[in-house]
Each structure stands twice: as C-alpha cells, then as structure tokens.
Amino acid sequence: MYLTHLDCPRCGLEYAADTVQNLCACGSPLLARYDLPAVAKAVTPERFGLRPADLWRYRELLPVRDPRHVTTLGEGWTPLLRAPAYGAEIGIADLMVKDEGLIPTGSFKARGAAVGVSRARELGVERIAMPTNGNAGSAWATYAARAGMGATIVMPLAAPTICRRECVAAGADLRLVDGLISDAGRRVAELIAESGGAIFDAGTLREPYRLEGKKTMGYEIVEQLGWQILDVIIYPTGGGVGLIGIHKALHEIRELGWVGDKLPRLVAVQSTGCAPIVRAFAAGEDRARPWEDAHTVAFGITVPAPLGDELILAALRESAGTAVAVDDAEILADLRDFAAREGLLLCPEGAACLTAARHLRAGGWIRADERVVVLNTGSGLKYPETVDVSGVPVLT
C-alpha cells in the first residue's frame with residue numbers, strides 16, 4: 001500500500017509506520033502520511049464507485065497493508081440526506097445531514113475503531129485500552145472482539161447506558177469511574193503502566209490510525225457530492241478526531257488533484273457547558289485550557305481538555321472556519337424540531353450542529369445560497385432520555 005511514515009505536526013519528527021507508535025516524544029499526536037503522487041497514478045475518483053459501499057473503498061489512502069488484517073462490519077458510506085423543511089425554516093436552502101447513526105454500533109466511532117483495530121492487529125497488538133465517553137468504547141470493544149483482541153474500556157458512570165451494555169456484550173473488560181473522561185484517562189494510564197507494555201493505549205489521538213478511519217467522512221462527503229466542494233461542514237467537537245480527520249482528507253484530496261484549491265470552512269461545535277476550543281479560538285490561542293466543571297446533555301462532546309487542541313484550532317483557522325458554543329436547552333429544542341420536520345431523530349451532538357447552523361445563518365456567517373453539511377455523529381436511539389414523553393396520555 002501507500003503508507004510511508006508518521007510525522008509530528010508540532011516538531012516535525014518522523015517515525016516508522018510499521019512499528020507500534022503512540023505520541024511523539026514532544027507529546028503531540030502523530031499523523032499518517034502517504035505517497036500521494038503514487039496514489040494519484042494508481043487510482044482515479046471514478047474507480048471508487050465500482051467498489052463496495054464501505055470506507056475500505058479508499059484503501060489506497062488507508063494504513064492497512066495486508067487485507068487479511070482488515071476487521072470490518074460494513075462500516076462507512078452513510079447517507080447524505082437533504083433537510084429541506086428544516087433548512088427552509090433556518091434560511092439554509094441547501095442543508096444536508098451526514099447520518100452516521102446508521103453505521104455499526106450506532107455512531108461514527110466505528111470508523112475509527114475499524115481502521116485502528118485493523119492496523120493494531122496487523123502490528124501484533126493483542127490488547128487495547130482506552131477511556132471513552134461511551135460510543136468509542138462500545139465501537140472499539142466490538143471491533144476488538146471481531147479481531148480476536150482483548151479490550152479494557154473505562155468510561156464515566158454518566159455515559160449512555162447502552163454503551164456500557166455494548167461493551168459487556170462484546171466481552172470487554174469494562175470499568176466505570178465516577179467522574180469525567182479525563183478521570184477515566186488517568187485510570188487507563190495507570191493500567192497501561194502496570195501492564196509493562198502488554199496493553200496498547202488506543203485513547204483518542206494517542207495512536208495514529210483512529211483518525212484515518214474518521215477522515216473517510218471527508219472523502220465520502222466529497223464523493224457523494226460528485227467530487228464537488230461544498231461551503232461549510234459543521235462538526236460536534238469533543239476530542240475533535242473527526243474534524244481533524246476531515247480536514248486531513250480535504251487536503252489529501254486537493255493534493256491528489258481531485259478537487260480545486262477551494263476547501264470548505266469547518267465549524268467546531270461545543271456546548272456552553274464544556275467549550276475549551278471555542279474559548280481558545282475566540283482568544284486567538286493555539287492551545288486550549290482545561291474546562292472546569294464540564295457538563296452537557298451532549299455527553300459525547302464533554303471533553304474538558306482535548307489532546308488534539310492544537311490540530312483542531314489549526315484546522316479551523318486554515319479553513320477560515322469558526323467555533324461555536326450552544327446551550328443544552330436549544331440543543332434539545334432543535335433535536336425535537338428537526339425530528340418533527342424531517343423524520344430523523346438525531347443524537348444530541350448532531351442536534352448541537354443544527355443549533356450552530358441556525359445561529360451562524362442568523363448572524364450572516366453562513367449565507368443563504370451556501371451548501372452546508374451537518375454531521376450527525378450517532379443514532380438518536382442511543383439517547384432516549386433526550387425526548388420527554390412524560391406528558392403522553394395513557395388510554396384507558
């Protein structure tokens with residue numbers, strides 16, 4: 001395949017791709033790099049349409065060298081749905097939703113798990129461990145089981161109950177903490193240190209290949225639009241791997257010559273209850289300070305200190321994008337309004353993107369004639385408490 005090496009976006013150090021790697025010596029996440037001129041000679045965009053409808057259609061731009069190690073449940077190629085009724089209401093006629101709720105395990109985390117587990121398996125990893133807000137843990141536990149790999153998952157007690165059950169069903173070693181994902185991360189670090197190297201740290205951006213799975217959202221959006229570039233992509237941002245990955249994909253597509261120079265503006269959406277990226281972006285800072293007392297109904301974006309803060313902020317600024325914080329009451333209201341108008345129950349993180357789109361259009365940052373894609377990162381069915389049914393009458 002075409003993977004050449006890993007590099008550090010902070011200090012520029014390069015690492016061999018075919019040994020197990022975590023962070024750079026300077027503490028930054030590492031990024032996978034490919035021989036893009038060779039890829040451009042080997043494949044053209046038209047070829048992808050002849051391949052199976054999953055993320056592995058982009059295999060030349062993914063890190064697994066031997067297809068025997070690919071661990072898959074058919075993930076990827078999720079629909080890009082138009083939302084004309086809601087779009088008309090908020091003044092964005094060409095509004096679309098990329099619905100990741102239809103992917104295995106019910107969230108976009110399956111993309112990162114599929115590629116991350118496949119590459120870990122290829123490199124000889126036998127057990128992974130990770131902290132999670134829920135969906136990533138259930139995805140990695142599921143794919144680890146399919147790969148014959150052990151998994152230790154640590155998540156907050158407040159995480160969605162279904163994620164806990166998915167981990168147990170997949171045979172993972174599940175542990176719960178009374179705290180946030182940062183507390184879970186400390187527990188994982190202790191477990192890995194105690195293991196003497198027997199457990200691989202698969203936490204967010206602590207290995208290079210989860211991001212490669214997430215970047216396929218960017219490839220899919222552009223291919224589904226006929227290799228045309230849209231104007232705005234709105235993404236719910238906790239750890240930010242998907243936003244960083246989409247940004248990476250767009251730059252790879254441009255370097256491959258498959259699109260022109262113009263790229264979409266990226267929007268990072270957070271909750272007013274946990275908005276370290278929004279605060280850092282507004283202050284013109286390159287790093288995000290940890291958020292105190294983090295809490296939001298959009299549990300998946302409750303990440304008070306994202307490891308990828310530099311990469312998220314760089315992606316926003318390089319794309320002429322922005323960062324927006326929205327409150328929980330509006331998230332829940334837009335979730336219900338969208339479901340009533342479009343018939344799709346979003347996860348609260350996806351609904352937060354709708355709230356952001358509405359605000360950005362009202363303020364003029366998004367123009368009426370622009371094409372906008374919102375990422376719904378998971379199935380609303382995993383968050384049943386977001387819809388209040390207490391007032392429904394009981395017939396007698």
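Residues are numbered from 1 along each chain as its sequence is written, and side-chain values use heavy atoms, with hydrogens and water left out. In this predicted model, local features need pLDDT of at least 70 and side-chain atom pairs count only at pLDDT 80 or more, whereas totals for chains, interfaces and linings use all residues.

**Exercise 1.** Describe the largest pocket and its lining.

*Solution.* Begin with the term: on a 1 Å grid over the protein atoms alone, a pocket is an open set of points with protein on both sides within 12 Å along at least five of seven lines, and lining residues have an atom within 4 Å of a point. Next, take the volume, the space filled by probe spheres set on the points, which are joined across faces, edges and corners. For the largest pocket this is about 780 Å³. Its lining has 42 residues, and P131, I181, T204, G239 and V303 are the closest to the centre. Elements that give two or more residues include β6 (127-131), α5 (135-147) and α10 (241-256); helices (H or I, at least four residues) and strands (E, at least two) are DSSP runs numbered from the N terminus. The most comes from α7, with six residues.

**Exercise 2.** Describe the second largest pocket and its lining.

*Solution.* Its volume is about 310 Å³. Of its 16 lining residues, L31, R33, H247, K248 and H251 lie nearest the centre. Two or more residues come from each of β3 (31-34), α10 and α12 (309-318), and α10 gives the most, with six.

**Exercise 3.** Find the residues that line the largest cavity.

*Solution.* A cavity is a set of grid points where a 1.4 Å probe fits but cannot get out. The search of the whole structure finds one cavity of 30 Å³ or more. The volume of the largest cavity is about 50 Å³. Its lining consists of V20, Q21, G116, A120, L123, V125, F200, E207, P208 and Y209.

**Exercise 4.** Decide whether M149 is buried or exposed, and identify its contacts.

*Solution.* First, locate M149 in the loop between α5 and β7 (150-156). Its relative accessible area is 8%, so M149 is buried (under 20%; exposed is over 50%, partly exposed in between; 1.4 Å probe, protein chains only). Finally, leaving out residues up to four places away in sequence, M149 is in contact with V117, A120, R121, V125, E126, R127, I128 and A144 (heavy atoms within 4.5 Å).
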